[in-house]
Amino acid sequence: TGAALMLPSGATSQTVTTIPISEILTDGDLYVGDTIAIINPLSGEWDELTVTATTEAGDTSIAVSGTLNANYPINSTIFKK
């Protein structure tokens, strides 16, 4: 699960490079090029992002590239596609 990711006031989208997460990752949970999705548990909106760095033990964020088109509150679900 991830931390809150909110669009700037008045914005309809935002480019992101990292996603803060609340669960500690381990080596190789995600690899460069993997696609992940983040889902807003309240609205059902979701976005896909591409992982840009393989995760290592103890990571507290995921390096990504992509654009968010919705707001994501704390505890939004993140999963590997």
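**Figure 1. Contacts and bridge partners of I36 in a predicted model.** I36 touches I19, L30, D47, E48, L49, V51, I62, V64, I78, F79, K80 and K81, leaving aside residues up to four places away in sequence; contact means heavy atoms within 4.5 Å. The model is predicted, so local features need pLDDT of at least 70 and side-chain atom pairs count only at pLDDT 80 or more, while totals for chains, interfaces and linings use all residues. Residues are numbered from 1 along each chain as its sequence is written, and side-chain values use heavy atoms, with hydrogens and water left out. The bridge partner of I36 in strand 3 is L49. In strand 5, the bridge partner of I36 is K80. Strands (E, at least two residues) and helices (H or I, at least four) are DSSP runs numbered from the N terminus.

**Figure 2. The largest nonpolar core.** This core has 15 residues. A nonpolar core is a set of buried Ala, Val, Leu, Ile, Met, Phe, Trp, Tyr and Cys residues joined through side-chain atoms within 4.5 Å. Buried means under 20% relative accessible area, exposed over 50%, and partly exposed in between, with a 1.4 Å probe and protein chains only. I19, I36, L49, I62, V64 and I78 have the most contacts inside the core. At least two core residues come from each of strand 1 (14–20), strand 2 (35–39), strand 3 (46–51) and strand 4 (61–68). Strand 4 gives the largest share, three residues.

**Figure 3. I19 in strand 1.** I19 lies in strand 1. The residue has a relative accessible area of 1% and is therefore buried.

Figure 4. Strand 2 and strand 3 run antiparallel and are joined by five bridges. Two strands pair if DSSP finds at least two bridges between them. I39 stands opposite W46 in strand 3. Six residues lie between the two strands of the hairpin, where G44 takes a positive phi near 85°.

**Figure 5. The two faces of strand 3.** In a regular strand the side chains alternate between the two faces of the sheet. Along strand 3, D47, L49 and V51 point to one face and are buried. V51 has V64 as its bridge partner in strand 4.

Figure 6. Five strands form an open sheet in the order 1-4-3-2-5, with antiparallel pairing. Strand 1 and strand 5 stand at the edges with a single partner strand each, so one side of each has no neighbour in the sheet. Neighbouring strands of this sheet are turned by 30° against each other on average, direction ignored; the axes are lines fitted to C-alpha atoms, for helices over the stretch in contact, and angles run from 0 to 180 degrees between N-to-C directions. Strand 5 (residues 77–80) pairs with strand 2 in the antiparallel sense over four bridges.

**Figure 7. N71 in the loop between strand 4 and strand 5.** N71 lies in this loop. The residue counts as partly exposed because its relative accessibility is 32%. The C-alpha atoms of N71 and S13 are separated by 9.0 Å, and the two residues are 58 apart along the chain.

**Figure 8. The whole protein.** The secondary structure comes to zero helices and five strands. Of the 81 residues, 32% count as buried. Among contacts between residues at least 6 apart in sequence, 66% join residues at least 24 apart. The protein exposes about 4500 Å², of which carbon and sulfur atoms supply 52%; accessible areas come from the Shrake-Rupley method with a 1.4 Å probe, and for residues only the protein chains shown count as cover. The average pLDDT is 84, and 85% of the residues score at least 70; pLDDT is the predictor's confidence in each residue, from 0 to 100. Among the elements, strand 3 has the highest mean pLDDT (95) and strand 5 the lowest (87).
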